[in-house]
Amino acid sequence: MSVRRLLILLVAINAALFAGGWLFVPAPAPKAGAGVRVGIVFDVGGKNDKSFNEQAYNGLRLAERELGVVGTFIEPTEGVPRETALRALAARTGDDKLDLVVGVGWVFSSDLERLAQLFPDVNFAGVDYAPSSGAGTLPNLVGLRFREHEGSFLVGAAAGLATHTKVVGFVGGMQIPLIKKFEVGYRAGVAHVCPDCRVLAAYAGSDPRAFSNPPLGQQLAGAMYDDDADIIYHASGKTGDGVFAAARRRGQRAIGVDSDQFAIAPCCVMTSMVKRVDLAIVDLVREVIAKKFRGGMRELGLAEQRVGFVADEHNRLLLPPAVVNKVRALSDEIIAGKIQVPWQ
Amino acid sequence: MTRALAIEAEVTKRYGARTVLAGATLAVRRGTVHALVGENGAGKSTLVKVIAGIVRGDGGTLGLGDRVIPAGDWDRVRARAARIGIVQQHGASAGTLSVVENAVLGAEPVRAGLLALDGVAAALRAQGRAIGMDVDPHARVETLSLGAAQRAEIVAALHAGADILILDEPTAVLAPVEVEGMLAMLRDLAARGVTIVIVTHKLDEVRAVADDVTVLREGRTVATFSRRPTAAASGDPLGDRPEGFSAASGPLDPAAIARAMVGAELPQPTLLPEPPATAPAMLELADVTVGTALTRATLRVRRGEVVGVAGVDGNGQRELALAIAGLVPATGAVAIGGAAAAGTSPARRLALGLAHIPEDRHRGGLLLDATIAANLALGRRDVTGRFVVDRAAVAKHAAARIVELDIRPADPAAVVRGLSGGNQQKVVVGRELSRPRLRAVVACQPTRGVDLGAVARIHDRLRAVAVAGAGVLVISADLDELLALCHRIVVLLRGAIAGEVGGDALRAPGARAALGALMTGATAA
Amino acid sequence: MSRDRIFGLGAAVAVVALTFALEPKLARGVLSLAFVQATLVTAVPYVLAALGGAITERAGVIDLALEAKLLFGAFAAAAVAYATDSAYLGVAGGALAGMAIAALQLGCALRLGADQVIVGVALNLLALGGTRFLLQALFGEGANSPPCPGFGDAILANPIVWIAVLASIGVPIAVARTRWGLRLRAAGDRPDALVAVGVARRPRPRFAAGSPAARSPARAARSCRCRSTASSPTCRRAAATSCSR
Amino acid sequence: MKRELQAAAIAVLASLAVGSVLMLVVGVSPVRVWGTMVERTFTDEYNLGQMLFAATSLALCGLAVALALEAGLFNIGAEGQLAAGVLACSTLGAALPAGTPAPIAIPVCLAAAAGAGGLVAGGVGLLKATRGAHEVISSIMLNFVVAGVSLWLGNELLFVGGATTGAPIAPGAELPHLGLGGSSVNAALAITLAAAAAVWWLRDRTTWGEAWRAVGRDPAAARSAGISVERVQVLAMTASGALAGLAAANLVMGYKHAFEDGLGRNTGFLGISAALLGRSHPAGVIIAALLLGFLQAGGLAVAELVPKELTEMLQGVVVLAVAASVPFVARARARAPKEAA
């Protein structure tokens, strides 16, 4: 085939495709609803990561359903400056203008600070936000931080109370301060109820893929179970699937994270440390609707009922009522300030 | 009806804009040895490749037996079916395969799903022994010297049992004794009815073995010669020429053949006067040892002297050259222009005034995908300048070398891969022998696979640098070349210097025999 | 060479010994049956992918697209197993997907003459987004397929482990001792040698290199299923992201 | 030139067609998506700036890969060299006294970035030259090592305030932004263009470049002509790593102004595409980097219309289309005169 003929053919194909799209794909109807507009930028895990991104997405859906807001979102690819995605949402004008832009993940922290200064009339929020050193609080930026260590303390206590071997495990995803917080809280919880218990800890890696490596999770957890651990808590995103698989294989117990993960392995998930990103986002939307949005850090923990542990009819067989009661008591003590949970 | 002509070809072939074969004709009688001669770039290799189906012709016809096929429809599968065997100039063996694996490729004997090679290996060994070419069937080809690899291919081609056997420069890398053995074997095969086409440059071989000769020049057949000059009158098939076959013809006269090849008389080489014994040593080796391939080589080349290294290929010549150039780890002392060079880098040795023409221009001699100019300036900081390339100087250098050696095409921007072997070799020689302040030259097989005209040019350059004051060491498997160039000839045998022939003895009638004896280890001189 | 090998081996042994000395628990773990099993299961994808790569390497094709074959293979294995409810059909699907990528690769590299390295890199890029795109299009989710049947946890009952074992014995034999292997090696080393003996009809060396190579990436494709089935009890983790770079 | 234009036209049209098919599959009108993509990238200063910003890092990594490729080395470790550059540049930048003037701070930080990348790659070259270790394997393994060291140092020393970000660099070390709607594109773009020019000059006009290409084409011939193959390998890898490390200037000095774990992740790998797309020529690499940058920035601009996977796929499609169209055009043109005859 000659070059000219190929070029003509390609032009024709493109023309046909364009025309086909033009003729047969209906233009998307503009989203109705005069309500508040909310945009979310997810972390690289994407909105279906079964972890906090998904929780945030559920929050957006909830707000759409219950509060009539109009939601939009971007899932940036790895390597793309995430700031561009946030900025794309923040810079919308006219009918598209957003009232609240949320960045999900600690990675957005410095980008949010910069954009909040650039777009003073847009409200911003960061999930797992960590302020850059020297950055003050901004009137239009809310930093959501969860006291995961408190929830981790409770599941640690549950593990310490329920262990038969006096050895329990922790599998983290990427080794970063945020995840370290889970481990520290968990260790404290175990030690509080069982001073002579041992805690084995391991991390899945040093980059974000550590949150999506089930085979490695299974290996790490398997090694811990072989070392006499009988309960393992994970804070490792999808890598946790491997932890559950190891638990199932050996008939041991595991503890889920972020959302109630009982359904993934009903045999083995004793409880889960839940982090209600969804509710936190709905709270923020409410504030925006009520025009009560105020910048600053929000520390959300047990007292605010935004972290906690799961004890319901599903996991009753795995989590004895006696343990539940003791853990609830500890929860009250933390809320009352009688126990200080360390986090680093 | 079986026609007397085994091959009757008339072929046109172009590569891009370049016409390699412009209706070249070839008529080969059945059961004869037919020599195809011509300078490099005349189209000999291309013509036999078209006949063997390796290269597709652009036009013309191939008459094979009683079939006439358009040259564009012929391919290797059909040629194989027609029992045409070919041994190519640079070999077609896969280096990582063993000799026997290469030999069976395409017709592998299989037992229970696995290759059954033992029988073929034994047969190859026997075949080799029968014609005086020992081959190790299980050796990996890349571990063999060029000569050994070529021997293996010839043996394999014979083993395959071809009716028409085409040999492209088969003797270029063989030792004299092997050449004799092979030529005898070719005659023997022809007597048994095998038709043989041999591409060569060497006119004494032509005279020794060929029944008929076809001379190509610039893609055309310019002359044919026959051992039987009266054949035309007695209905010789050569008389039955295709259209446009307008070549001269005559009996086998080497001088006439040479004239036809180059289109002019070749100048007679003049031997250089021997330098005085007091002339300083330009290249000195003492007890140079390279693994087990070269042991305690001691050698001295004086200013203005040309010393030859003879020997059957694979007896340590390659290692000797590499050790002098610093390209293999070696023990012992090397001095270049009086300065000790043992243990120094190749660059340092070149800086001391060494020039090295490597054995194989395709393996370490040239950047095949770079231009003539770039190859001529490769590593030549004296031409390019130290850091920023002086492009005017590079162009000037290239132009000078192109004229000096008659490199064709005379285009500095031409890519070397497209050049004929002889012109490629001229590029290597041009780069190496134009180094400034030359003290010592190591030329390893400087004219292997190169046509007569180019040989003359290259020899002239080697003599010129000797006259200019360098000591020249020529390593060659071609005894004629050494006899034409050298003041002394040393012989390498199994990695050691077995002896030396020089002075009057070298010009005496028995020199050739004496060297031959040294090369095979029959006597120690 | 041999001295280097001894040195390398010695260094490796020293590192391992030092590690064990510092962490005795580790030694205990390594000597356990569970560790051997885990090693075997972890090794399977590497073994299969490496064998596939080795075959193409011998055929003179640099297979940088192994990653793409693994990714698409994993996707296809999960999707087919899910759709047909058969782990065995999933395996077949994975292998076919690998072959499809190989065909695309060959089409570009051999028929169109594109650079093998570029094609490999491009296919890997394509696979990264493509598998997620397909997951999104078919299952409405960008990371995981729904749970699908697998081979269970018992290593010795896992056919893929056996395939890996057999392949690691069979492939070297096939390369060294069969007609196919001989031609494969010849193609990789000296394509014109195949033309010269008439195995390849056309004097176009790359085609000669292509013909055996065309079959071999399929073998690489086999590795797709390992990630999905061997290393985890179900194909659920045939996640597009399961491969490390 | 005509040949390149034809190949580019074929590649672009083929990629357009494949992309359009994918868009129809997800039920969006191709005209709308392409239109939006072009419009939002080229009419919005900010998006244009972000495209240039992305292209800056990609071009530097692409130049790094291309330079090594000239010497016959496949530097697949630009990713790790960049990470090393980020680490060195940001730690040194943060260690500088806050009042360090720009004429001192900027060169120091640039040198740190280039030096760290060069050191990592130089090690790969040294291993290759002295031990014969294959550069692809050692450089890809060093990617892991650098990522591990970087995170470990982050956890131990650098991260502040429970985040994965380090202390800010001295203000003097910050590269000025180029405006463009407040986008991140900064003076590193100029550095990149200068680097491309330098690479071009080095490879086409100096004896180093000649030696590198000689080694890349045939190490045996180069060695026999007196070129030290080992030295070339070490030097070429070091220079390549230095270029990849320089990308840290764009990311740290021009954008984040602090150490951040994972900054520029994947850029090194996409840099390989840029080098291959650009056919190893500095100008080609710049164009390829702009194209990839456009796909990234444009992909985000249409994120609400099509899933991100689609734009990810498009990068692979474009590379594949260019790879296939170049030889197609070459062959078609070689055939053409014969058909006419």
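A contact means heavy atoms within 4.5 Å. The model is predicted, so that local features need pLDDT of at least 70 and side-chain atom pairs count only at pLDDT 80 or more, while totals for chains, interfaces and linings use all residues. Residues are numbered from 1 along each chain as its sequence is written, chains are lettered from A and ligands numbered from 1 in the order in which they are written, and side-chain values use heavy atoms, with hydrogens and water left out.

**Exercise 1.** Characterise the fold content and contacts of chain C.

Solution. Step 1: helices (H or I, at least four residues) and strands (E, at least two) are taken as DSSP runs, numbered from the N terminus. On this basis chain C has 10 helices and zero strands. Step 2: of the contacts in chain C between residues at least 6 apart in sequence, 71% join residues at least 24 apart. Step 3: residues are buried under 20% relative accessible area, exposed over 50%, and partly exposed in between (1.4 Å probe, protein chains only). Buried residues account for 51% of the 245 residues in chain C.

**Exercise 2.** Determine where C:D85 and A:D128 lie, and whether each is buried or exposed.

Solution. Step 1: C:D85 belongs to the loop between α4 (66–84) and α5 (87–111) of chain C. Its phi is near 60°, a positive value in a residue other than glycine. With a relative accessible area of 60%, C:D85 is exposed. Step 2: A:D128 is in the loop between β4 (123–127) and β5 (141–146) of chain A, and phi of A:D128 is also near 60°. At 6% relative accessibility, A:D128 is buried. Step 3: for context, most residues other than glycine have a negative phi, and most peptide bonds are trans.

**Exercise 3.** Which peptide bond of chain B is cis, with omega near 0°?

Solution. Step 1: the bond runs from B:R408 to B:P409. Step 2: B:P409 is placed in the loop between α13 (391–405) and α14 (421–433) of chain B.

**Exercise 4.** Locate D:V145 and relate it to D:G80.

Solution. Step 1: helix α6 (residues 135–158) of chain D contains D:V145. Step 2: D:V145 is partly exposed, at 45% relative accessibility. Step 3: D:V145 and D:G80 are separated by 65 residues in sequence, yet their C-alpha atoms are 8.0 Å apart in space.
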